[in-house]
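Keep the structure open while you read and click through the residues as they come up.

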Amino acid sequence: MATFHPYGDRAWKRIFWRQILLALGLLGLFLYGLPKFRHLEALIPMGVCSSATMSLLRDNFTGALRPWARPEVLTCTPWGAPIIWDGTFDPDVAKQEATQQNLTIGLTVFAVGRYLEKYLERFLETAEQHFMAGQSVVYYVFTERPGAVPRVALGPGRRLRAELVVRERRWQDVSMARMRTLHAALGGRLGREAHFVFCMDVDQHFSSTFGPEALAESVAQLHSWHYHWPRWLLPFERDAHSAAAMARGEGDFYYHAAVFGGSVAALRDLTAHCARGLAWDRARGLEARWHDESHLNKFFWLHKPAKVLSPEFCWSPDLGRRAEIRRPRLLWAPKEYRLLRD
């Protein structure tokens, strides 16, 4: 008859829980700790497009795409939308198409509080160099101090409008209020002036061409910190009481609220959805984990974007160099939250 050894059982349990804690510790370092650990995520495969899907990938601005030119990355979504990487499109075709359509493209940015002095001028100056070069562009700067918006030399057919907004008490409220503000603007002069609009954060700057290849009816941006992660690790809102809640198993990719865009009509739908969700949460004393970004991810789960931009279009230098990031288009500026946020 076998003899039960309580001390042996306890030793086994200690070993088991030590392994669990070690695994959790390594995961914590990988996600939030030493930068070197972040390079390991490049080893996580992004997935593969089927040859049938790749042969059908087309775009209204670039025509037939070349997804096979980037075999090391995922170039399509499960619903057949393209993921745009450097080398998968012809930039000249995109420019010609936008010019032939005589498009005006809007670019909105919020510069409130110290963010105006710290980031806005460089954002606008680099946008003049790289954002939709040669196209008609109207910049909309939302700020509580329109008179302090820097004077930046603009090229032909490019305009800048400073729009007054009320300064919110907390930075989180500034972030969340922008969906309501954008919805109103898209229903007003901005919506009448522009055919397509991009909405971007101000604490970044352009470093390379960001052209008409990025245009589509609705456009989402793969978050540079999460594009290799498996779905179960993505930081979706999990509080079931929030309007932004997504259940386990839901979600396609994690999208960055620093860059999103589309047609005026599509963005009206997106901003209305997010504004309603934010109001719903506030009425119940809730606040989603990543504020308006959580609601944006819920919207794109329910309404798939027509085009997804690769992390090349909005890259964080803190992640270092990656072989797959050939030409970063936007670069995050250093985050100086203690200095900039009240």
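1. Start with Lys304, which is partly exposed at a relative accessible area of 32%. Bear in mind that this is a predicted model.

2. Now look at the two together: the side chains of Lys304 and Asp252 form a salt bridge, with N to O at 2.6 Å. Lys304 sits in the loop between H9 and strand S11 (307-309), while Asp252 is in the loop between strand S9 (218-221) and strand S10 (259-263), so this pair ties together parts that are 52 residues apart in sequence.

3. Which residue does Glu193 meet in a salt bridge? Its partner is Arg161, at 2.4 Å from N to O. Glu193 is in helix H7 (residues 189-193) and Arg161 in strand S6 (residues 158-164), so the pair connects parts that lie 32 residues apart in sequence. Glu193 is buried, at 16% relative accessible area.

4. How many salt bridges does a search of the whole structure find? The count is 15. Some share partners: Arg70, Glu72, Glu312 and Arg326 are joined that way into one network.

5. One annotation is worth a look. An unreviewed UniProt entry marks His223 and Glu293 as "binding site". They are spread over 71 residues of sequence, yet they cluster in space, with a largest C-alpha distance of 10.7 Å.

6. Take His223 first. You'll find His223 in the loop between S9 and S10, and it is buried, with a relative accessible area of 7%. Leaving out residues up to four places away in sequence, His223 touches Tyr254, Tyr255, His256, Glu293 and Trp332.

7. Then Glu293, which lies in helix H9. Is Glu293 buried or exposed? Glu293 counts as buried, at 9% relative accessibility. Beyond its neighbours within four places in sequence, Glu293 is in contact with His223, Tyr254, Tyr255, His256 and Ala257. With Tyr254 there is also a polar contact between the two side chains, at 2.6 Å.

Methods:
Residues numbered from 1 in each chain as written. Predicted model: local features only at pLDDT ≥ 70, side-chain atom pairs only at ≥ 80, totals over all residues. Heavy atoms only, no water. Salt bridge = Lys/Arg side-chain N within 4 Å of Asp/Glu carboxyl O. Helix = DSSP H or I, 4+ residues; strand = E, 2+ residues; numbered from the N terminus. Buried < 20%, exposed > 50% of the residue type's maximum accessible area, 1.4 Å probe, protein only. UniProt positions renumbered as here; feature names shortened; annotations may be inferred. Contact = heavy atoms within 4.5 Å. Polar contact = N/O pair within 3.5 Å; in protein donor to acceptor, adjacent residues only side chain to side chain.
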